[in-house]
Amino acid sequence: MLASVMLKMGTYGILHFCLPLFPSAARQCAPWIAVLAIIGIIYGALVAMVQPNMKKLVAYSSVSHLGFVVLGIFTFTQMGLDGAVYQMLSHGISTGALFAIVGLLYERRHSLTIEDYGGVATAAPWLSTMFLIATLASIGLPMLNNFVGEFLVLQGAAIANYTWAVCASIGVILSACYMLWMYQRVFYGEAGKPMADLNGREWAAVIPLVAMMFWMGSTRRVFWRR
């Protein structure tokens, strides 16, 4: 609900109410809103980086990702708007998958603290593989869904103001830092208590999300058919 619906209500309102009702004011305030969006991208990433709790880390990463959406909208370019809408859809899939798999980890250890984990990849290799795919999608790896939206947003930002694109790209680097660091601490290191791998019910929940990440990230389909 948080990743796929609630976080999109604000950006949906900007697209369907703010811009059509107040086009002149939106264009006049666009530079200020773009700067606030970039601040949100970097600040959200920095706060996520210091979180000791997995669910809080994923939640703060959403602040950073939604900053890309707002930036794309207020570039007032076709690429920026396309990337913003695509990022809204992609974020619901990748972050929804992260929340779901964090929930599966909580069911097994009854803890969300990163320090309570370690060596999960040894005990539950398939669970760690699915989490890795969702992590790579979240940080914008090519051929996965978030890459398309972030790439288009950064292209639109570069057209509108090259400095915006350079500053926003820092958020991409920081997202790789905190997501991969979390993955290392949770899934590698010394193996802890035994942990069950994915069962049939959990596979049924995770596989559609992973399939959507690859399908939406097929950049050949997105770009070459334009």
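Arg108 and Glu202 are both buried, where buried means under 20% relative accessible area, exposed over 50%, and partly exposed in between (1.4 Å probe, protein chains only). For Glu202 the relative accessibility is 4%, so it counts as buried. Keep in mind that this is a predicted model, in which local features need pLDDT of at least 70, side-chain atom pairs count only at pLDDT 80 or more, and totals for chains, interfaces and linings use all residues. Residues are numbered from 1 along each chain as its sequence is written, and side-chain values use heavy atoms, with hydrogens and water left out.

So what do those two side chains do with each other? Arg108 and Glu202 meet in a salt bridge, which is a side-chain nitrogen of Lys or Arg within 4 Å of a carboxyl oxygen of Asp or Glu. Arg108 sits in helix H4 and Glu202 in helix H9, 94 residues apart, so the pair links distant parts of the chain. Helices (H or I, at least four residues) and strands (E, at least two) are DSSP runs, numbered from the N terminus.

The structure holds three salt bridges, and here they are:

| Salt bridge | N to O distance |
|---|---|
| Arg108 and Glu202 | 2.7 Å |
| Glu202 and Arg201 | 3.8 Å |
| Glu107 and Arg201 | 4.0 Å |

Through shared partners, Glu107, Arg108, Arg201 and Glu202 end up in one network. As a general point, side chains of opposite charge can pair when their charged atoms come close.

Now for the nonpolar side of things. A nonpolar core is a set of buried Ala, Val, Leu, Ile, Met, Phe, Trp, Tyr and Cys residues joined through side-chain atoms within 4.5 Å. The largest one here has 44 residues, and Leu105, Val186 and Phe187 have the most contacts inside it. Helices H2, H3, H4, H5, H6, H7, H8 and H9 each supply at least two of its residues. H4 gives the most, with nine residues. Apart from this core lies another, of 23 residues, including Val69, Val70, Ala84 and Met88.

Which residues does Val186 touch, not counting residues up to four places away in sequence? They are Met54, Leu105, Ile114, Tyr117, Gly118, Gly119 and Val120, with contact meaning heavy atoms within 4.5 Å.

Some nonpolar side chains lie on the surface instead. Met1, Leu2, Val5, Met6 and Met9 form a nonpolar patch there, with about 540 Å² of accessible area together. Patches are made of residues with over 30% relative accessible area and no salt bridge, joining like charges within 9 Å and nonpolar side chains (Val, Leu, Ile, Met, Phe, Trp, Tyr) within 5 Å. Accessible areas come from the Shrake-Rupley method with a 1.4 Å probe, and for residues only the protein chains shown count as cover. Val5 is in helix H1 (residues 2–21) and, at 39% relative accessibility, counts as partly exposed.

Finally, the whole chain. The protein chain has ten helices and zero strands. Its radius of gyration is 18 Å, close to the 17 Å that the globule rule gives for 226 residues, so the chain is as compact as a globular protein of that length. That radius is taken over C-alpha atoms, and the rule is 2.2 Å times the number of residues to the power 0.38. The C-alpha trace spans about 60 × 35 × 25 Å along its principal axes. Of the 226 residues, 50% count as buried.
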